Amino acid sequence: MAERVNQERRRQAIYGWLLLLPAATLLSIFAFYPTVATLWSSLFSRGTRRRPSEFVGTENYADLFADPTFWLVVQNNLLYAAITIPVSIGIALAMALWANSKIPARGFVRTAYFTPTVLPMIAAANLWLFFYTPGLGVLDQIGSLFGIPSINWLGQPETALWAVIIVTIWKEAGFFMIFYLAALQTIPEDLKEAADIEGASRWTYLRRIVLPLLMPTTLFIVVNAMINSVKLIDHLFILTKGGPSDASKLILYYIWEMAFAFFDAPHAAAMTIMILSVLCIVATIQFFYIDRRTHYQ
Amino acid sequence: MSAESLNDQPFVVLQDVAKRWNGQLGVEEISLEIEEGSFVALLGPSGCGKSTTLRLLAGLELPDEGEIVIQGRDVTSSAASDRNLSMVFQSYALFPHLSVAENVVFGLKVRRVPKAERREKMERALEITGLLGFESRKPAELSGGQRQRVALARAIVAGQPLCLMDEPLSNLDAKLRNSVRKDIKKLQRDLGITVVYVTHDQTEAMSMADKVVLMKDGRIQQIGSPDDLYNRPANTFVAGFVGAPPMALIDGEMLEGFLPDSKIGLRAEHVSIVPAGSGRFTCRISECEFLGSETLIGLQHPGTTGLTLLQPGLSLLEENTSIDINFEDQHLHIFNTDGQRVNA
């Protein structure tokens, strides 16, 4: 009897592992192994023909901490995240609430909002390049109508990062709107009616009912926005290449530069490990802290 | 019903109210008076406009024509929140992320009732609905019947004089429905509130209501007490809707002394079996249904629809055999060509 139960249990276990196998294989090859390899190579010095690579421990990390460019890039990325995450989520929510209400041409509004998401980032960046170009750009053309002098949005350190931030928000908000729109449509109409009868204003209804019910979506979007604030750098290649004088350089771009322009793989690996750690910590906090206070239907 | 408390004007008045959606049928010519403290049921098949009428009363829809007066105040175009009423939704419409207590006091909080008073009112509402001890549960952690009671508690907590209920029992199983039906009726009596209750279930309407409003295709067919609807149906629709089984309808030409194009209504309990050759009709037995205390026997005869009779206890007659039946003229309901009742 016990024999049979044991056999059944083993069979179940094998069955489970077989189901896990495809995903586990792909993740191992393309995520887990590279992570470990990166961690490993970040502990070695850069090998040259004269001096082969050798184990240097945390020296690569120490170099980075001493590198002012690294700190500038970190600062840029923090500002970039601090602005793009809340602003794009706020705009996404506002657009979703509007596109979910009974307005004329609702389908058109939804499509229009979603268009930036469909465009490849490189194409979008080229589009914005056309807006930002001094003299010829649309912004300058409009500005000149009101006698505002030409501004080189992408060419000066004070404005370059902000110009990049605006492109990112424009690109992301429509994408996040789709999630909010989908979530809003799962909220039954009669909750609004019940709130109406109880005398709740639109604002109270939004604050006390809609926003809490959207929390799972918001959590999901925040995690995505955070990851995007690190990984979304395609437009930098078109718009600024991190310049002028590193004013719009983000960490991932710096890693790319380090690895493929300066051919300094160990330092790039060290930075990658740092990003991964920070992302892991933040995601853990989000899921374990905010998740507990979120209502799932 | 407290007839002596009637003022000059009834508690709620709907006057020639109409609501139309482009092309779609809404409601037409709804005129209705509701006395204070009464229990009024809006009854009818699905799509008859009973829910629309309730929503017009609640202020969730605005009428295209007519006027609505509540407590002597014209509220035709007022917002739902200005009508001093509460509502129980078919789906209960509980806020899923809020606890039972938060759901119940939501309206009080919105209306800025002080905290101590809020607490007191909530405890009372929870006590009445038997929900004490469930304050911190979320709706998802409650059974269907408990959720229904939370919806009731939310409706009565503010002490609004008028409570609207939109098929509040339709999501409950049959057994629970019976007990909650009694609870709701008792609640209404004890609190002295006026209830307008939408249902498609005539048992609910007949057993709970002081006044039943039977609707069909967006129009009121009859307003009256359950006794009126059952014993004095205003037209052939009411006759064919109310009662289980509903009235049989016989073509006038089948019986002597009636106009050929009239319709004659006859209830199953007034039909009796008589020896062969001595009855007014000789019918074929089409089916027998044992209901426990009695047996319902379906009959077929040319020129009649829905002819049935009741026999006490278990009395399964052989199907497709013939029997003779008899009935008295005094039990007949007579309807004219237009289907309107003729006799008093």
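In chain A of this predicted model, helix α1(A) passes helix α12(A) in a left-handed crossing. Helix α1 covers residues 2-41 and helix α12 covers residues 265-290. Two packed helices are described by the angle between their axes and the distance between the axes. Here the axes come within 8 Å and cross at roughly 125 degrees.

Residues from both helices build the contact. Helix α1(A) supplies A:T35, A:T38, A:L39 and A:S41. Helix α12(A) supplies A:P266, A:A269, A:T272, A:I273 and A:L276. By class, 5 of the contact residues are nonpolar and 4 are polar. No charged residues take part in this contact.

The cysteines were examined next. A disulfide is a covalent bond between the sulfur atoms of two cysteines. A search of the whole structure gives 0 disulfides over all chains. Two cysteines of chain B illustrate this result. For B:C163, the closest cysteine sulfur belongs to B:C48. The two sulfurs are 20 Å apart, which is too far for a bond. B:C163 is also buried, because its relative accessibility is 1%, and the cut-off for buried is under 20%.

B:C288 is likewise in no disulfide. Its nearest cysteine sulfur is that of B:C283, 13 Å away. A disulfide requires the sulfur atoms to lie within 2.5 Å. The relative accessible area of B:C288 is 18%, so B:C288 counts as buried.

Conventions. Residues are numbered from 1 along each chain as its sequence is written. Chains are lettered from A and ligands numbered from 1 in the order in which they are written. This is a predicted model: local features need pLDDT of at least 70, side-chain atom pairs count only at pLDDT 80 or more; totals for chains, interfaces and linings use all residues. Side-chain values use heavy atoms; hydrogens and water are left out. Axes are lines fitted to C-alpha atoms, for helices over the stretch in contact, and angles run from 0 to 180 degrees between N-to-C directions. Helices (H or I, at least four residues) and strands (E, at least two) are DSSP runs, numbered from the N terminus. A crossing is left-handed if the near helix is turned anticlockwise from the far one by less than a right angle, and right-handed if clockwise. Contact means heavy atoms within 4.5 Å. Ala, Val, Leu, Ile, Met, Phe, Trp, Tyr, Cys and Pro count as nonpolar, Asp, Glu, Lys and Arg as charged, and the others, Gly among them, as polar. Buried means under 20% relative accessible area, exposed over 50%, partly exposed in between (1.4 Å probe, protein chains only).
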